[in-house]
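User: I'm new to this one and would like a quick tour. Could you take me through a few spots, step by step?

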Amino acid sequence: MRQVKAVIMAAGLGKRMRSALPKVLHPLCGAPMIDWAVRTAADAGSGAPYVVVGRGADEVRTYLGDRALFLEQTEQLGTGHAVMTAREVLRNYSGHVYVLTADTPLLRAETLIALHQRAVDTDADAVALTARFDDPTGYGRILRDEKGVFQAIVEHRDASPDQKAVREINASIYCFSAPRLLEALDRLTNDNAQGEYYLTDTLAVIKSAGGLVETLCLDDPEEIMGVNDRVQLAMAAQAMRRRINEFLMRKGVTIIDPANTYIDAGVSIGQDTVVYPGNYLEGATAIGSDCVLYPGNRIVDSAIGDRVSIQASVILESSVGEGTAIGPAAHLRPGSRIGKNVRIGNFVETKKAEIGEGTKVSHLTYVGDAIVGEHTNIGCGVVFVNYDGEKKHLTEVGSHSFVGCNVNLIAPVKVADNTYIAAGSTITDEVEEGDLSIARARQVNKKGWVAQRLQKKGEST
């Protein structure tokens, strides 16, 4: 493949989003729209693309970092004006250049590659991507002569009634010969209803100068769905989720209700895992094979081993070993490292906790800033008391130990292997291996106390 560069237009004001956040930074299936555009261009062979920024330029630069090169459009004078900002960087370049928008996140790299290949095969000076819509309202129309040869593009607002009846639309995605593009940009005018420089007019300019303009019509018009407001953002996200879910299902994942399963593009899932509806899998999450994700989970940037079952739980920036059962209603906060064949049950919360193989933490327990060994049982209502009002402290519980119900472990404290802590104890000192620790007041039963209290209350009234 010949050399190719890319210019991505991302300077629009995005007024219809009604947001303080720049339009191109609004997220879609785990990544901002600009991220999808940059990835698509890079995957199509452009390397780091040129991104034309305007509103929110600093935020876009910060997000993309060295993944892109930046051009600034200080005034919003149309798409042609946006591409004019690339004049200098393209001045001594003789290859092809993609021009695309940052608000078409469904565009595939394969489509850009096909666009470039059409330019190479036909030796065209420009190739425009087109599609046919039943309702083309709002889009520029492709005008052809009686032989079907491309003539020009007319914007919807400038089109005549006959032109508005044309169903073939311009997708605003192109592959240009860079020298021909620069020549056309130099001849652009803003003689139109909006007083703007239209990039679409470069095609007519190229053609009038004797150049060859070709088109490539998409089979799937959904791919060029533009996002201008939050309604369209939701529609694009729905389409992207469908793509992601279909890809995973073809790789051997069972997704019971794809329309109600929300999986980011960066998530990986192993073969024969079953995902019920109502799951939100986000970020760089990796799910193993033969897992069952029951309804109502949110898992973010976490690694889940094979044969894990999770029910109605939240797992954030944590790892879970193979064969472990989580939930229902468990909360693994960042830094939790759960071993193999562990049980984390109802209303258990962990934070910066390492829990060893075969250990059970079955219900109503908080394990924070802790190291727990293997095959230990943590009873109901146990609290790892990790905060002294100023600092967090570590609690260590060994292997093959038993911590009874409603025990408070006051950090910093260490409980050795093969120990037993009686229910209701508050542990402040080290428990040595083989010990039984009881730290509670002796029970006292006062005979007849209730009757005496009632008698006294009656006398006083």
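Analyst: Happy to. One definition to begin with: helices (H or I, at least four residues) and strands (E, at least two) are DSSP runs, numbered from the N terminus. Also keep in mind that this is a predicted model.

User: What is omega for the peptide bond from Gly327 to Pro328?

Analyst: Most peptide bonds are trans. Pro328, in the loop between β24 (325–326) and β25 (331–332), is another story. The bond from Gly327 to Pro328 is cis, and its omega is near 5 degrees.

User: Is Asp369 buried or exposed?

Analyst: Asp369 belongs to strand β28 (residues 360–372). Its phi is positive, near 50 degrees, though Asp369 is a residue other than glycine. Buried means under 20% relative accessible area. Asp369 has 11% relative accessibility, so it counts as buried.

User: And how does Ser172 count, at 28% relative accessibility?

Analyst: Ser172 is in strand β10, and it has a positive phi of about 65 degrees without being a glycine. The cut-offs are under 20% for buried and over 50% for exposed, with partly exposed in between. Ser172 is at 28%, so it counts as partly exposed.

User: How do α1 and α2 lie to each other, and what is the handedness of their crossing?

Analyst: Helix α1 (residues 33–46) packs on helix α2 (residues 57–64) at an angle of about 55 degrees, with the axes 11 Å apart. That angle makes α1 oblique to α2. The crossing of α1 past α2 is right-handed.

User: How many residues of that contact between α1 and α2 are nonpolar?

Analyst: From α1 come Ile34, Asp35 and Val38, which meet Val60, Tyr63 and Leu64 of α2. Sorting the contact residues gives one charged, no polar and, for nonpolar, five.

User: What distance separates the end C-alpha atoms of helix α5?

Analyst: Helix α5 (residues 109–122) has 14 residues, so at 1.5 Å a residue it should span 20 Å. The end C-alpha atoms agree with that, as they are apart by 20 Å.

Notes:
Residues are numbered from 1 along each chain as its sequence is written. This is a predicted model: local features need pLDDT of at least 70, side-chain atom pairs count only at pLDDT 80 or more; totals for chains, interfaces and linings use all residues. Side-chain values use heavy atoms; hydrogens and water are left out. Axes are lines fitted to C-alpha atoms, for helices over the stretch in contact, and angles run from 0 to 180 degrees between N-to-C directions. Angles under 35 degrees count as roughly parallel, over 145 as roughly antiparallel, 65 to 115 as roughly perpendicular and the rest as oblique. A crossing is left-handed if the near helix is turned anticlockwise from the far one by less than a right angle, and right-handed if clockwise. Contact means heavy atoms within 4.5 Å. Ala, Val, Leu, Ile, Met, Phe, Trp, Tyr, Cys and Pro count as nonpolar, Asp, Glu, Lys and Arg as charged, and the others, Gly among them, as polar. The expected span of a helix is 1.5 Å times one less than its number of residues. Buried means under 20% relative accessible area, exposed over 50%, partly exposed in between (1.4 Å probe, protein chains only).
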